[in-house]
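Dear colleague,

Please find below the structure that I am handing over to you, followed by an account of what was found in it.

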Amino acid sequence: MWRNLMLSAVIGGLVATTPAQAQLKDPPPEVRRQQVQTDQQERLQALTRRGRLDAYRQLVDANKAAASTAGTSRDAAIDLAALGLTASEVNALRRNNTDLFDIAHRFFEGTTTTPSEQMLLADTVVIARATQVQTGKARVDGFLSEIPFTVVKPLKGTRAAGDVILVPRNSGPLGNGSEEVDFSDIRFTPDKTYLLVLSKNWYEQYVALRKKQPESHFTALPYLAYEVSTTGALLPGPRPALSGIAPKDLKSIEAELNASRDAPRTKIPRKI
């Protein structure tokens, strides 16, 4: 389904045009309607497996007065519930003239979303140091390898300095002597430090859609990744935002997150 393909493409870092997407670009209206309904049901089933269905229903209720179209509203409500967001968070940000429904719609449709908007959708933002890719571990989530990151400084979420976060990869050994290589996997350099904008909830939804189980260790998928220089400046990559003004340094990121400290989702630890 189109949105599942788009979800996979965004996770993999692919931009807009793939052969699979081209085939589904202009289906007949009835086929498109059936595809949308099937896709929504699959995503709702994944929410149910994760215990997030009530959050979705509350998001739908919270958005009834502001919804422009029923389809867009329902899709965005599913996506927000999948990302671990709640109706109370949506309402709190709307009081500050920020519409998470609109941001989620643009993000999952592959249109313009800024780094600041993607940080609102993320549940984890950290400065972390990369280590070597790990392969050969028996996995239950369907990914083939992972990169462990050691948290240097947490900026948003529940992680603390010294914690290890795993970023899964589609590349890795297949167990039959061959190797799968996914060129859309982000290439991190061991021992370098990165600003990571991540979502554990996005990882869990993606795994549930594939009817797999999440790994027990804290694992998250990246929206954005910037290398951090020794001066605190952010270098352009390895996965910058496709639109919007790129953050210049860590101070600007912290200021951005501090500006949203009243939002119930944002948990900003004390400076370390």
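This is a predicted model. I begin with a pair of strands: strand β1 (residues 124-130) and strand β7 (residues 193-199) pair in the antiparallel sense, and six bridges join them. Within this pairing, valine 126 has leucine 196 in β7 as its bridge partner.

β1 also pairs with strand β3 (residues 145-156), again in the antiparallel sense and over six bridges. Here alanine 130 stands opposite phenylalanine 149 of β3. Is β1 mostly covered or mostly uncovered? The strand is mostly covered, since six of its seven residues are buried.

Over the whole structure, the search finds 10 aromatic pairs. In one of them, the rings of phenylalanine 108 and tryptophan 202 have centres 6.2 Å apart; their planes stand at 70°, so this pair is edge-to-face. The two residues are 94 residues apart, and their pair links distant parts of the chain: phenylalanine 108 belongs to helix α7 (residues 100-108), and tryptophan 202 to helix α9 (residues 200-209). Phenylalanine 108 has a relative accessible area of 6% and is therefore buried. Tryptophan 202 is buried as well, with a relative accessible area of 1%.

The second pair to look at consists of phenylalanine 149 and phenylalanine 188. Their ring centres are 4.9 Å apart and their planes lie at 85°, so this pair is also edge-to-face. Which parts of the chain does the pair link? Phenylalanine 149 sits in strand β3, while phenylalanine 188 sits in the loop between β6 (179-180) and β7, 39 residues apart. Both phenylalanine 149 and phenylalanine 188 are buried.

Next, please turn to two packed helices. Helix α4 (residues 53-63) and helix α6 (residues 87-94) pack with their axes 8 Å apart and at an angle of about 30°. Angles under 35 degrees count as roughly parallel, and α4 and α6 are therefore roughly parallel to each other. Which residues meet in this contact? From α4 come Gln58, Leu59, Ala62 and Asn63, and from α6 come Ala87, Val90, Asn91 and Arg94. The residues of this contact divide into four nonpolar, three polar and one charged.

Proline 115 is located in helix α8 (residues 115-121). Its relative accessibility is 4%, so proline 115 counts as buried. Leaving aside residues up to four places away in sequence, proline 115 touches Leu224, Tyr226, Ala241, Ser243, Gly244, Ile245, Ala246 and Pro247. How far is the C-alpha atom of proline 115 from that of proline 247? The two C-alpha atoms are separated by 7.4 Å, although the residues are 132 residues apart along the chain.

Finally, I turn to the chain as a whole. The secondary structure of the protein chain comprises 10 helices and nine strands. Of the 272 residues in the protein chain, 48% are buried. Among the contacts with a separation of 6 or more, 65% are between residues 24 or more positions apart.

Yours sincerely

Conventions: Residues numbered from 1 in each chain as written. Predicted model: local features only at pLDDT ≥ 70, side-chain atom pairs only at ≥ 80, totals over all residues. Heavy atoms only, no water. Axes fitted to C-alpha atoms, helices over the stretch in contact; angles between N-to-C directions. Helix = DSSP H or I, 4+ residues; strand = E, 2+ residues; numbered from the N terminus. Parallel < 35°, antiparallel > 145°, perpendicular 65-115°, else oblique. Contact = heavy atoms within 4.5 Å. Nonpolar A, V, L, I, M, F, W, Y, C, P; charged D, E, K, R; others polar. Buried < 20%, exposed > 50% of the residue type's maximum accessible area, 1.4 Å probe, protein only. Pairing = 2+ DSSP bridges. Phe/Tyr/Trp six-rings, centres within 6.5 Å; stacked < 30°, edge-to-face > 60°.
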